[in-house]
Amino acid sequence: YNNRSLYANNTINSKATSASNYGIYMYYNYYTDFIHNTIRLENSLNTGYTLMGYSSSGNGFYNNILANYSAGPAYYLSSSSFDQMSNNDIYTTGSSLVYHNGTNYNNLYDWQVATNYDSFSLSTDPLFKSSSNLHVREVNLNAAAKYFKVTPLDMDYEVRDTLKPDIGADEFNLPPNDAGISAVIVPFKPFPPDTQNVKVVLKNH
């Protein structure tokens, strides 16, 4: 793969109680592309990071979900830099989204402006189907990734959309818009003038 290493289509669900709890740990790591991975971290000690980087550079980070349901940041990067980071979903329930070389960034916008990293990225709860099922339900992750020929299939061996794939290891389809109003209860015809309360029947067809 162009003389680079590839780490793709992995799901990591960490529920460790150790203070040293990491989803991906890059330690003197170089020239690796991380594409379409889904990382979920939960720690009863409220520590740990979905991405930990130390003295690493030359790496690429694309189309990944990193969800930290602990107090720690999604990224903890020390003496580390990237060739590029984009189209990721980075989320934490803690107060700091990213720690990078001595600075905390509390939100995605501040992180993007300061570093030019994570263009076209999101910071939203991926809404996993459960704490053990890392298929996602967040509609904003659909069609929000960048296509790479080296990752044509997702974690379930389903074909990725070649134009607008989904962020994370799971390629998914949105449910159809099948709900509609089947009846108007009030007001009655003929409709009187002025403001009226409206009551309808909404049916899932």
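Rings of Phe, Tyr and Trp, the last taken by its six-membered ring, are said to pair if their centres lie within 6.5 Å. In this predicted model, Tyr7, Phe34, Phe61, Tyr75, Phe82, Tyr105, Trp111 and Tyr117 form one aromatic cluster.

| Aromatic pair | Centre to centre | Between the planes |
|---|---|---|
| Tyrosine 22 and tyrosine 49 | 5.9 Å | 15 degrees |
| Tyrosine 76 and tyrosine 99 | 4.3 Å | 15 degrees |

Because tyrosine 22 belongs to strand E3 (residues 22-27) and tyrosine 49 to strand E6 (residues 49-54), their pair ties together parts that are 27 residues apart in sequence. Tyrosine 76 lies in strand E9 (residues 75-78) and tyrosine 99 in strand E12 (residues 98-100), so this pair ties together parts that are 23 residues apart in sequence.

Tyrosine 22 is partly exposed, with a relative accessible area of 26%, and tyrosine 76 is likewise partly exposed, at 22%. Tyrosine 99, at 19% relative accessibility, counts as buried, because buried means under 20% relative accessible area.

Turning to the strands, four of them make an open sheet in the order E2-E5-E8-E11, with parallel pairing. Strand E2 (11-14) and strand E11 (89-92) stand at the edges with a single partner strand each, so one side of each is left without a neighbour in the sheet. On average, and with direction ignored, neighbouring strands of this sheet are turned by 0 degrees against each other. Strand E2 pairs with strand E5 (residues 38-41) in the parallel sense over four bridges, and serine 14 stands opposite leucine 41 in E5.

Definitions and conventions
Residues numbered from 1 in each chain as written. Predicted model: local features only at pLDDT ≥ 70, side-chain atom pairs only at ≥ 80, totals over all residues. Heavy atoms only, no water. Pairing = 2+ DSSP bridges. Helix = DSSP H or I, 4+ residues; strand = E, 2+ residues; numbered from the N terminus. Axes fitted to C-alpha atoms, helices over the stretch in contact; angles between N-to-C directions. Phe/Tyr/Trp six-rings, centres within 6.5 Å; stacked < 30°, edge-to-face > 60°. Buried < 20%, exposed > 50% of the residue type's maximum accessible area, 1.4 Å probe, protein only.
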